[in-house]
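I opened a new structure today and kept notes as I went.

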Amino acid sequence: MSTSQATTINITKAATSKINEVDFDNLSFGAVFTDHLFECDFKNGAWQQPVIKPYQPFLLDPSAKVFHYGQAIFEGMKAYKDDNNDLWLFRPDENYKRFNASAVRMAMPEVPKEVFMNGLNELLKIDEAWVKKGLGNTMYIRPFMIATGEGVVANPSSEYKFMIILSPAKAYYSGEVKVLIAEHYSRAANGGIGAAKAAGNYAAQFYPTTLANKEGFQQVIWTDDATHTKLEEAGTMNVFFRINDTLLTAPVSERILDGITRKSLIELAQKEGINVEVRPVLVSELVEASKNGTLKEIFGAGTAAVVNPIVGYSYKEEYYELPKIENSYAEQLKSKLTNMQHKLEADPFGWTVKI
């Protein structure tokens, strides 16, 4: 191994790379990781020396608070390589702001911007060979922080570990996506942590999603916890509904994650002349639109999936299939957004940031 220093980060490079062992044409999402990771610990009330080192497991005490009280947050980002072999990020400042908003809500320390951004940039430069050119090829970036302080007293940890790992990626979902509208289970409640990208939010989804999987559905569209009459998120994604030629999506709240792909699609759709309404969307409204033929599309939106069309949904044991339409909003917006991210089209919003 060779050791060097760059922009206050201690860097230890792997002696050999495992890149030649990877089949980049047949990647399972989130299953393969690059040669290196970024790590920075919080101890004694301060952030310590950040490091980049070979990707490897690490040890934690069995009493580490992440295991007992669930202080864990993360982000999902992507890097893209254009035809000139330049690397680009998409709205990284938004991910950074949301990461620290999650940290505050979970009583964790905020990560300094220079630690987050410098660590991310240096890590991507070291493992840039893992980012492949071409539409559909991306590098999924997972910054996360966990509580590493020891002891089972129920209070916030005094020590934390912030890390960034990289995973080359293609599609998140493959095949058709059918969803079940939740009638009993909820993703989040008012006053809770639904707006934070906290690990526990996802753990709580697994059981009802597993029940939906057994019925032949890939995801759940969550409804509000109080009345189960308002449509909120779709599994791991924000969700959009097209009724006639209007695109509808729920407003963000304490229960709904402020998705970066979501807000980007809203602005992009408006620029393309699509009528967008950000307002509560009722289940009864969706069912009525299905029955009278005005419901044209439903699609999920998120960093991992980008835009994922939904072919049908079930509510109260009745299944409603979506029509197959040409030049759908989902196709238009996904094409525009991914072309922009890969620098195949101009970026009039200034969202793409060169590494």
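Entry 1. I wrote down the term before counting: a salt bridge is a side-chain nitrogen of Lys or Arg within 4 Å of a carboxyl oxygen of Asp or Glu. The model I am reading is predicted. I looked up the total, and the structure holds 22 salt bridges. My background note is that side chains of opposite charge can pair when their charged atoms come close.

Entry 2. I looked up Glu-128 and found a salt bridge to Lys-81, with 2.9 Å between the closest N and O atoms. This pair joins distant parts of the chain, since its members are 47 residues apart. I placed Glu-128 in the loop between H3 and strand E9 (138-147), and Lys-81 in strand E7 (residues 77-81). Is Lys-81 buried or exposed? I read 6% relative accessibility for Lys-81, so it counts as buried. Glu-128 comes out at 32%, so I noted it as partly exposed.

Entry 3. I went on to Glu-122 and Lys-125, whose side chains meet in a salt bridge at 3.9 Å, N to O. How far apart are Glu-122 and Lys-125 in helix H3? They are three residues apart, which means a separation of about one helical turn. Glu-122 counts as buried because its relative accessibility is 14%, whereas Lys-125 is partly exposed at 46%.

Entry 4. I checked Glu-345 next, and it forms a salt bridge with Lys-336, the closest N and O atoms lying 3.5 Å apart. Glu-345 has 28% relative accessibility and counts as partly exposed. Lys-336, at 29%, counts as partly exposed too.

Entry 5. I also found a network of salt bridges, which links Glu-39, Asp-41, Lys-53 and Lys-161.

Entry 6. I turned to the backbone. I reminded myself that most residues other than glycine have a negative phi. Asn-44 is not a glycine, yet I read a positive phi near 50° for it. I found Asn-44 in the loop between strand E3 (36-43) and strand E4 (46-47). Its relative accessibility is 77%, so Asn-44 counts as exposed.

Entry 7. Ala-107 also has a positive phi, about 60°, without being a glycine. Where does Ala-107 lie? I located Ala-107 in the loop between helix H2 (92-105) and helix H3 (113-126). With a relative accessible area of 45%, Ala-107 is partly exposed.

Key. Residues numbered from 1 in each chain as written. Predicted model: local features only at pLDDT ≥ 70, side-chain atom pairs only at ≥ 80, totals over all residues. Heavy atoms only, no water. Helix = DSSP H or I, 4+ residues; strand = E, 2+ residues; numbered from the N terminus. Buried < 20%, exposed > 50% of the residue type's maximum accessible area, 1.4 Å probe, protein only.
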